[in-house]
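Here are a few notes to read alongside the model.

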Amino acid sequence: MNGGWEVKVSGNTTHYRKKLYDANGNHVGTIGICKPTKQTGKKKKPVLYSFKQVSSQVLQAKTSTKAMQVSNGIRAKIGLLKKQLKNGDVDEEEILRAILHAEMVQRACDKKKKNLKMEETAERSMEAEEELPANPEEVPDEEIKELEQAEFEALMEKLEMTADEMMEAAEETAELDEELDEMAEALSGSMTPEDLEQLKVKHRSDEARDILKADLKYLKALFDRLQSEKENAGKSSFNGCIDSGVSLSLGGMDMPVMDAVSQSMPAETGGTFDTTV
């Protein structure tokens, strides 16, 4: 009982009922009010994720080492997001949206790391070509042997790097042939500075396209969520207006009851009145 009101919760609806008496204490009717039950569950915490910050870190990476560091940071962030998802203390849809974006951006970052390695290899090859003596026969035999040994060791490192990159690119079969051609040209030392600049422009364009795709997918999911919430709020408001009609009939006479009963209604009720006499 709450101030003479009987309260009963049924599903998502709370029912309030109260008997009405005249001045002589005679029972003259019963008034009923029903309203949606307030949800008292624990509020989900917001997801601390900035898609712009994650994307910009990849775009700003200028070396393969920096790209590797950014990729590792994103991987750690994905692990934290998945841990929060498992704990269940954040909005599931929101955190899944963040995880999907982070995974897409990390793949783009790994691709950029590989591209930057290729460009750095081409630059080292061109620098090595420029440093070779114009007349090798004038160089002492010992220096020539040392140079050949250094070039051989550098070539072995490049070949090992190429094998690793080939394994990483195996899932991207559509781009594999083109990437192998670019890598072969970079390793051969035949790439000109103009060729390298064109390659850099192509790589940055491909990377920016992948980042933009991830950002647009994230924003579309966010917009769809907000639009759905807006439509649901509109429906709830419309239904509340339909259910808010109030009337009372006593002794066969209809009369407004809002002012008459407002002082005796339970706090924050409102909703539908079901009156029986």
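1. Let me start with the nonpolar core, meaning a set of buried Ala, Val, Leu, Ile, Met, Phe, Trp, Tyr and Cys residues joined through side-chain atoms within 4.5 Å. The largest one has 24 residues, and Val47, Tyr49, Val58, Ile74, Leu81 and Val105 have the most contacts inside it. At least two residues of this core come from each of H1, H2, helix H3 (92-131) and helix H6 (193-242). H3 gives the most, with nine residues. Buried here stands for under 20% relative accessible area, exposed for over 50% and partly exposed for what lies in between, using a 1.4 Å probe and protein chains only.

2. A word on the source: this is a predicted model, in which local features need pLDDT of at least 70 and side-chain atom pairs count only at pLDDT 80 or more, while totals for chains, interfaces and linings use all residues. Residues are numbered from 1 along each chain as its sequence is written, and side-chain values use heavy atoms, with hydrogens and water left out.

3. Leaving aside neighbours within four places in sequence, Leu81 is in contact (heavy atoms within 4.5 Å) with Val47, Tyr49, Ile95, Ala98 and Ile99. Apart from this core lies another, of six residues, including Met118, Ala122, Met191 and Leu199.

4. Now the overall layout. The protein chain has seven helices and six strands, where helices (H or I, at least four residues) and strands (E, at least two) are DSSP runs numbered from the N terminus. Their order from the N terminus is β-β-β-α-α-α-α-α-α-β-β-α-β. Of the 277 residues, 29% count as buried. Among contacts with a separation of 6 or more, 68% are between residues 24 or more positions apart.

5. How do the axes of H1 and H2 cross? Helix H1 (residues 51-60) and helix H2 (residues 64-87) have axes that come within 10 Å and cross at roughly 160°; the axes are lines fitted to C-alpha atoms, for helices over the stretch in contact, with angles from 0 to 180 degrees between N-to-C directions. That makes H1 roughly antiparallel to H2, a label for angles over 145 degrees. The crossing is left-handed, that is, the near helix is turned anticlockwise from the far one by less than a right angle.

6. The residues that meet are Val54, Gln57 and Val58 in H1 and Val70, Ile74 and Lys77 in H2. By class, this contact has four nonpolar, one polar and one charged residues; Ala, Val, Leu, Ile, Met, Phe, Trp, Tyr, Cys and Pro count as nonpolar, Asp, Glu, Lys and Arg as charged, and the others, Gly among them, as polar.

7. Each of these helices also holds a buried residue worth a look. In H2, Ala67 is buried at a relative accessible area of 0%. Beyond four places in sequence, Ala67 is in contact with Ala61, Cys109, Lys113 and Leu116. In H1, Phe51 counts as buried at 14% relative accessibility.

8. Finally, is Lys19 buried or partly exposed? This residue of strand S2 (residues 13-21) is partly exposed, with a relative accessible area of 48%. Lys19 touches His27, Gly29 and Thr30, not counting residues up to four places away in sequence.

Key. Angles under 35 degrees count as roughly parallel, over 145 as roughly antiparallel, 65 to 115 as roughly perpendicular and the rest as oblique.
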